[in-house]
Amino acid sequence: MVYKGFYGEVSRLEPQVGYVAPPLDGIWATAPYLHNGSVPTVAALLDSASRPQSWTRSHQSTDYDPVALGWKHEALDHGQEGEPSADLRKRIYDTTQPGYGNGGHTFGDALDASDRAAVIEYLKTL
């Protein structure tokens with residue numbers, strides 16, 4: 001039992017300010033990424049300039065992209081408001097909508113393409 005060991009004697013459970021990030025193990029199976037699912041692949045997560053503004057995917061489990069580590073997707077030149085079909089509109093992830101943005105988290109931008117590829121290969125092992 002934890003509370004009878006050393007850690008139980010010195011630890012406290014108190015509310016804190018901040019966000020507890022999920023562990024990286026199994027990250028290859030958790031696409032799309034960021035807190036709101038706005039980034040379809042780890043490759044796009046690590047290169048913020050390549051993130052699509054609006055995108056859609058098939059929602060078929062066989063459409064996984066093992067190279068980019070995430071969902072195969074189609075980048076669109078329009079968001080939800082530009083889609084006349086109500087059925088297709090609900091399948092569009094539109095990062096211009098409030099709460100759906102994919103900005104920030106630019107930590108991977110400092111990496112070159114080979115370093116990004118190495119990070120992706122490493123994450124596949126977790």
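**Figure 1. The loop that holds Pro 32.** Pro 32 is found in the loop between α1 (6-10) and α2; helices (H or I, at least four residues) and strands (E, at least two) are DSSP runs, numbered from the N terminus. The peptide bond that joins Ala 31 to Pro 32 is cis, with omega near 0°. Most peptide bonds are trans. The model is predicted, so that local features need pLDDT of at least 70 and side-chain atom pairs count only at pLDDT 80 or more, whereas totals for chains, interfaces and linings use all residues. Residues are numbered from 1 along each chain as its sequence is written, and side-chain values use heavy atoms, with hydrogens and water left out.

**Figure 2. The largest nonpolar core.** Twelve residues form this core: Ile 27, Ala 31, Tyr 33, Val 39, Val 42, Ala 44, Leu 45, Leu 46, Leu 69, Trp 71, Ile 120 and Leu 123. A nonpolar core is a set of buried Ala, Val, Leu, Ile, Met, Phe, Trp, Tyr and Cys residues joined through side-chain atoms within 4.5 Å. Buried means under 20% relative accessible area, exposed over 50%, and partly exposed in between (1.4 Å probe, protein chains only). The largest share of the core, three residues, is contributed by α2.

**Figure 3. The buried side of α4.** Arg 116, Ile 120 and Leu 123 are the buried residues shown in α4. They lie on the same side of α4 because they cover an arc of only 65° around the axis, the arc being that of the directions from the helix axis to the C-beta atoms. The buried residues of α4 pack against α2, where contact means heavy atoms within 4.5 Å.

**Figure 4. Two residues with positive phi.** Leu 69, in the loop between β2 (64-65) and β3 (70-71), has a positive phi of about 65° although it is not a glycine. Leu 69 counts as buried because its relative accessibility is 2%. His 105 also is not a glycine and has a positive phi, of about 50°; its place is in the loop between β5 and α4.

Figure 5. Asp 94 belongs to strand β5 (residues 92-94). Asp 94 is buried without a salt bridge, and Arg 89, the nearest side chain of opposite charge, is 9.1 Å away. A salt bridge is a side-chain nitrogen of Lys or Arg within 4 Å of a carboxyl oxygen of Asp or Glu; Lys and Arg count as positive and Asp and Glu as negative, while His and the chain ends are not counted.
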